[in-house]
Amino acid sequence: MIFVRHGKAEEYTGSNDDYLRSLTDKGKAVSEKMARVLKKKEKNPAVLVSSPAFRAYETAAIFARVLGSGPEKIVLKESLYSPASLKSFSLITGELDEKTDTVIFFGHNPSFTEIPNLLSVTGCEVLPKSGIVCLSFLTDTWKDIFRGKGSVEYFLKPDAII
(Lines give C-alpha, C1' and ligand atoms only; values in the text may rest on other atoms or scores of the structure.)
Protein backbone atom coordinates (compact mmCIF):
# COMPACT_ATOMS: atom_id res chain seq x y z
CA MET A 1 0.00 0.00 0.00
CA ILE A 2 1.62 3.22 -1.21
CA PHE A 3 0.59 6.77 -0.40
CA VAL A 4 1.66 9.67 -2.64
CA ARG A 5 0.86 13.23 -1.64
CA HIS A 6 0.09 15.48 -4.59
CA GLY A 7 2.81 17.79 -5.91
CA LYS A 8 3.12 21.51 -5.27
CA ALA A 9 -0.02 23.22 -6.52
CA GLU A 10 -1.13 26.75 -7.28
CA GLU A 11 -1.82 28.77 -4.15
CA TYR A 12 -5.35 28.73 -2.82
CA THR A 13 -6.47 32.34 -2.63
CA GLY A 14 -10.08 31.88 -1.62
CA SER A 15 -11.22 33.25 -4.96
CA ASN A 16 -10.06 30.18 -6.91
CA ASP A 17 -11.72 26.78 -6.59
CA ASP A 18 -9.61 24.53 -4.34
CA TYR A 19 -10.86 21.46 -6.21
CA LEU A 20 -9.57 22.76 -9.56
CA ARG A 21 -6.09 23.93 -8.56
CA SER A 22 -3.36 22.65 -10.87
CA LEU A 23 0.22 21.65 -10.16
CA THR A 24 2.87 24.31 -10.62
CA ASP A 25 5.69 23.66 -13.10
CA LYS A 26 7.90 22.75 -10.15
CA GLY A 27 5.19 20.44 -8.78
CA LYS A 28 5.03 18.64 -12.13
CA ALA A 29 8.82 18.30 -12.38
CA VAL A 30 9.25 17.01 -8.82
CA SER A 31 6.35 14.57 -9.23
CA GLU A 32 7.95 13.21 -12.39
CA LYS A 33 11.29 12.69 -10.60
CA MET A 34 9.59 10.97 -7.68
CA ALA A 35 7.64 8.74 -10.07
CA ARG A 36 10.96 7.65 -11.60
CA VAL A 37 12.29 6.79 -8.14
CA LEU A 38 9.15 4.77 -7.41
CA LYS A 39 9.45 2.94 -10.72
CA LYS A 40 12.88 1.64 -9.63
CA LYS A 41 11.40 0.32 -6.38
CA GLU A 42 8.13 -1.16 -7.61
CA LYS A 43 8.28 -3.68 -10.44
CA ASN A 44 4.74 -5.04 -10.22
CA PRO A 45 1.78 -3.25 -11.79
CA ALA A 46 -0.34 -1.40 -9.30
CA VAL A 47 -3.89 -0.15 -9.06
CA LEU A 48 -3.86 3.66 -9.02
CA VAL A 49 -6.54 5.38 -6.92
CA SER A 50 -6.76 9.15 -6.74
CA SER A 51 -8.72 11.94 -5.21
CA PRO A 52 -10.59 13.66 -8.06
CA ALA A 53 -9.21 17.07 -7.03
CA PHE A 54 -7.24 18.16 -10.07
CA ARG A 55 -3.82 18.48 -8.36
CA ALA A 56 -4.05 14.91 -7.04
CA TYR A 57 -5.31 13.54 -10.36
CA GLU A 58 -2.58 15.44 -12.22
CA THR A 59 0.04 13.88 -9.92
CA ALA A 60 -1.50 10.43 -10.47
CA ALA A 61 -1.43 10.95 -14.25
CA ILE A 62 2.29 11.78 -14.13
CA PHE A 63 2.98 8.63 -12.08
CA ALA A 64 0.78 6.53 -14.38
CA ARG A 65 2.73 7.67 -17.45
CA VAL A 66 6.13 7.04 -15.83
CA LEU A 67 5.00 3.66 -14.49
CA GLY A 68 3.84 2.63 -17.96
CA SER A 69 0.13 3.01 -17.50
CA GLY A 70 -2.39 5.46 -18.92
CA PRO A 71 -4.53 8.00 -17.11
CA GLU A 72 -7.59 5.95 -18.04
CA LYS A 73 -6.37 3.35 -15.52
CA ILE A 74 -6.67 5.80 -12.61
CA VAL A 75 -9.66 5.13 -10.38
CA LEU A 76 -11.13 8.33 -8.93
CA LYS A 77 -12.59 8.17 -5.43
CA GLU A 78 -14.33 11.22 -3.98
CA SER A 79 -13.68 9.82 -0.48
CA LEU A 80 -9.96 10.61 -0.90
CA TYR A 81 -10.61 14.34 -1.13
CA SER A 82 -9.83 15.92 2.23
CA PRO A 83 -10.51 14.83 4.82
CA ALA A 84 -10.16 11.16 3.97
CA SER A 85 -10.53 8.73 6.84
CA LEU A 86 -9.28 5.28 7.74
CA LYS A 87 -12.77 4.05 6.80
CA SER A 88 -12.38 5.65 3.33
CA PHE A 89 -9.25 3.59 2.70
CA SER A 90 -10.71 0.37 4.08
CA LEU A 91 -13.77 0.72 1.83
CA ILE A 92 -11.52 1.21 -1.20
CA THR A 93 -9.20 -1.69 -0.36
CA GLY A 94 -12.26 -3.83 0.32
CA GLU A 95 -13.21 -3.38 -3.34
CA LEU A 96 -9.79 -4.54 -4.63
CA ASP A 97 -9.32 -7.87 -6.32
CA GLU A 98 -7.32 -10.15 -4.00
CA LYS A 99 -4.90 -10.77 -6.90
CA THR A 100 -3.93 -7.09 -6.69
CA ASP A 101 -0.56 -6.88 -4.95
CA THR A 102 -0.09 -3.11 -4.79
CA VAL A 103 -2.34 -0.07 -4.63
CA ILE A 104 -1.05 3.49 -4.95
CA PHE A 105 -3.20 6.23 -3.45
CA PHE A 106 -2.89 9.88 -4.51
CA GLY A 107 -4.29 12.58 -2.29
CA HIS A 108 -3.91 15.26 0.31
CA ASN A 109 -2.69 16.09 3.77
CA PRO A 110 -3.50 15.89 6.58
CA SER A 111 -5.03 12.49 5.66
CA PHE A 112 -1.98 11.23 3.77
CA THR A 113 0.15 11.70 6.87
CA GLU A 114 -2.47 10.58 9.40
CA ILE A 115 -3.57 7.34 7.71
CA PRO A 116 -0.08 5.80 7.20
CA ASN A 117 0.70 6.90 10.76
CA LEU A 118 -2.36 5.02 12.07
CA LEU A 119 -1.73 1.94 9.93
CA SER A 120 1.96 1.50 10.71
CA VAL A 121 3.49 -0.08 13.79
CA THR A 122 6.13 2.64 14.14
CA GLY A 123 4.14 5.62 12.88
CA CYS A 124 5.13 7.99 10.08
CA GLU A 125 6.37 11.51 9.91
CA VAL A 126 4.70 14.25 7.88
CA LEU A 127 4.39 13.34 4.20
CA PRO A 128 5.70 16.28 2.14
CA LYS A 129 4.33 17.31 -1.26
CA SER A 130 5.28 14.65 -3.83
CA GLY A 131 6.39 12.44 -0.93
CA ILE A 132 5.86 8.68 -0.99
CA VAL A 133 5.37 6.22 1.86
CA CYS A 134 5.02 2.47 1.33
CA LEU A 135 3.50 0.20 3.95
CA SER A 136 3.49 -3.59 3.85
CA PHE A 137 1.27 -5.97 5.79
CA LEU A 138 1.72 -9.65 6.63
CA THR A 139 -1.55 -10.76 5.07
CA ASP A 140 -2.85 -12.25 1.85
CA THR A 141 -6.09 -10.29 1.86
CA TRP A 142 -6.93 -6.60 1.75
CA LYS A 143 -9.63 -7.17 4.34
CA ASP A 144 -7.00 -8.00 6.99
CA ILE A 145 -5.26 -4.64 6.91
CA PHE A 146 -5.63 -3.17 10.38
CA ARG A 147 -4.57 -0.14 12.35
CA GLY A 148 -1.06 -0.48 13.77
CA LYS A 149 -0.17 -3.62 11.79
CA GLY A 150 1.77 -2.19 8.83
CA SER A 151 5.52 -1.89 8.39
CA VAL A 152 7.08 1.12 6.68
CA GLU A 153 9.03 -0.29 3.72
CA TYR A 154 10.26 3.12 2.57
CA PHE A 155 9.56 6.80 3.07
CA LEU A 156 10.74 8.98 0.16
CA LYS A 157 11.04 12.74 0.47
CA PRO A 158 11.78 14.90 -2.56
CA ASP A 159 14.30 17.01 -0.62
CA ALA A 160 16.34 13.91 0.21
CA ILE A 161 16.29 12.60 -3.36
CA ILE A 162 16.40 15.60 -5.66
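**Helix packing and loop residues in a predicted model**

F54 sits in helix α2, where helices (H or I, at least four residues) and strands (E, at least two) are DSSP runs numbered from the N terminus. The model is a predicted one, so local features need pLDDT of at least 70 and side-chain atom pairs count only at pLDDT 80 or more, while totals for chains, interfaces and linings use all residues. Residues are numbered from 1 along each chain as its sequence is written, and side-chain values use heavy atoms, with hydrogens and water left out.

With a relative accessibility of 35%, F54 comes out as partly exposed; on this scale, buried is under 20% relative accessible area, exposed is over 50%, and partly exposed lies in between (1.4 Å probe, protein chains only). Setting aside neighbours within four places in sequence, F54 is in contact with Y19, L20, R21 and S22, contact meaning heavy atoms within 4.5 Å. F54 and Y19 are 35 residues apart in sequence, yet their C-alpha atoms are 6.2 Å apart.

Next comes the packing of α2 with α1. The axes of α1 (residues 25-41) and α2 (residues 54-66) come within 9 Å and cross at roughly 40°, which makes α1 oblique to α2. Axes here are lines fitted to C-alpha atoms, for helices over the stretch in contact, and angles run from 0 to 180 degrees between N-to-C directions. Angles under 35 degrees count as roughly parallel, over 145 as roughly antiparallel, 65 to 115 as roughly perpendicular, and the rest as oblique. On the α1 side, K28, S31, E32, M34, A35, R36, L38 and K39 meet E58, T59, I62, F63, R65 and V66 of α2. The residues of this contact split into 6 nonpolar, 2 polar and 6 charged (Ala, Val, Leu, Ile, Met, Phe, Trp, Tyr, Cys and Pro are nonpolar; Asp, Glu, Lys and Arg are charged; the others, Gly among them, are polar).

Now to the loops. S120 lies in the loop between α4 (111-119) and β5 (132-136) and is buried, at 4% relative accessible area. Beyond its neighbours within four places in sequence, S120 is in contact with L135, G148, G150 and V152. S130 is placed in the loop between α4 and β5 and, at 1% relative accessibility, counts as buried. Its phi is near 65°, a positive value in a residue other than glycine. A cis peptide bond, with omega about 10°, joins N109 and P110; P110 is found in the loop between β4 (103-107) and α4. Most residues other than glycine have a negative phi, and most peptide bonds are trans.
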